[in-house]
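The entries follow in the order in which I made them.

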Amino acid sequence: MHPLMLLSTFQNTVYWPGIEKWLQQRFKEIHPGYDHNVRYRILGYQWRVLRFNDNTRQSTVKLMAAYDDSDPGSVFFMQQAHCLAVPYLKSMVSTGLATIASCNYDLTNVIKGKKTMNILCIGHGGGSLPLFLASKIQGARIHIIEIDPLVISASIQAMGFPSFSLTSSSGQRVKPKPDPIEEVLWKGIHERLILYESDAQDFITNTSDIYDLIFIDAYNGDDIFPHDLWDPRSPFLKSLKNRLHPQHGTVVVNLHSDSDILDSNESMESVFSGILPMSKYVSAVCKSYKDVIVGKDCGLGYTVSVPWVCNASLVVCRGFGMNGGVLDRNFVIDKLVSKSIEVENLLNFPFSCLEYVKRGFLLVD
């Protein structure tokens, strides 16, 4: 027995031979002239948690551990890209993709890799959000911003995130080429992930890229969303607006507040009141993003609550097929519902997009 065989397993071992065969086939595809008969063995699967502190969970991922049978010491970890463990990530993905699809964006050809979608993820954690998107959307090119080098190191060494994604301050890959095992595991996914160690404001004010979709999940060790990332007078929001596609650009922000159920008959102030650090600022965050990114142009902002956890997703987008005027709530919901079903079917999601798009829907004034 391999010494790591005690790794907690949550996947039926009956499937392991098929996965081992897939790994061997992948190796042969990449190294067709290699004579050595490489045989990979699965050690097990495990849920791993990255924490800010004893109370706050930053990220949860599921990973696979395996090794080369000819070299038992060659243990490697592979995060399971199809698995979004926490509900708020499912909410962010569902609302973000349903919204940009509602802006007449050609998501079908992006999924097939015939067009490129530029995505920015601010806040990395274990990396499950960008990894999920890259695995599902062949045309996705994803930049990831993380300020904490310890988080980056933990995601790669302990959470099974591709190490080839790491980029230096000069913008060059830290590794000139992927490790052979990463080529086997990721099948090109790792080449579309670019991970920067950077302050979010510094990055967004200096980049020249235009993004179709931006996800923001950036909290410090005290579970606080930094003021610079939502202050309407800050360089961050102004630069974010300039880096967002003018016709369909969509921003999704994770709001960690203890308002589990939103009532559309209540005001923003009364809905977002609670004891978590973020709760008393949520209405101000929503207003800042809507006012700066959309302003008087056509577009909209809305929030949905996330089931089972104390989170909400704020979505602000340009376009949405509207030419200004007063938003009709039913029109927006009907369009999002229709597109969420379309997105779910196109991407074969392992969860229901519709469940996350409709819950506690509230337009931002």
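This is a predicted model: local features need pLDDT of at least 70, side-chain atom pairs count only at pLDDT 80 or more; totals for chains, interfaces and linings use all residues.

Entry on a charge and a ring. With that criterion I looked up R48 and found that R48 lies over the face of F77, at 4.6 Å from the ring centre.

Entry on aromatic rings. I then turned to ring pairs, of which the structure holds 11, and I noted a cluster in which F132, F349, F351 and Y356 are linked by such pairs.

Entry on two helices. I looked up helix α2, residues 87–101, together with helix α11, residues 329–347, and found that their axes come within 8 Å and cross at roughly 110 degrees. Angles of 65 to 115 degrees count as roughly perpendicular, and α2 and α11 are therefore roughly perpendicular to each other. On the α2 side I listed L97, A98, T99 and A101 as making the contact, and on the α11 side L336, K339, S340, V343 and L347.

Entry on D202. Is D202 buried, partly exposed or exposed? I located D202 in helix α7, which spans residues 200–206, and its relative accessible area of 44% makes D202 partly exposed. I also checked D202 against P235, which is 33 residues apart from it along the chain, and the C-alpha atoms of the two are separated by 9.2 Å.

Note on methods
Residues are numbered from 1 along each chain as its sequence is written. Side-chain values use heavy atoms; hydrogens and water are left out. Axes are lines fitted to C-alpha atoms, for helices over the stretch in contact, and angles run from 0 to 180 degrees between N-to-C directions. Helices (H or I, at least four residues) and strands (E, at least two) are DSSP runs, numbered from the N terminus. Angles under 35 degrees count as roughly parallel, over 145 as roughly antiparallel, 65 to 115 as roughly perpendicular and the rest as oblique. Contact means heavy atoms within 4.5 Å. Rings of Phe, Tyr and Trp (its six-membered ring) pair if their centres lie within 6.5 Å; planes under 30 degrees apart count as stacked, over 60 as edge-to-face and the rest as tilted. A charge sits over a ring if NZ of Lys or CZ of Arg is within 6 Å of the ring centre and within 35 degrees of the ring normal. Buried means under 20% relative accessible area, exposed over 50%, partly exposed in between (1.4 Å probe, protein chains only).
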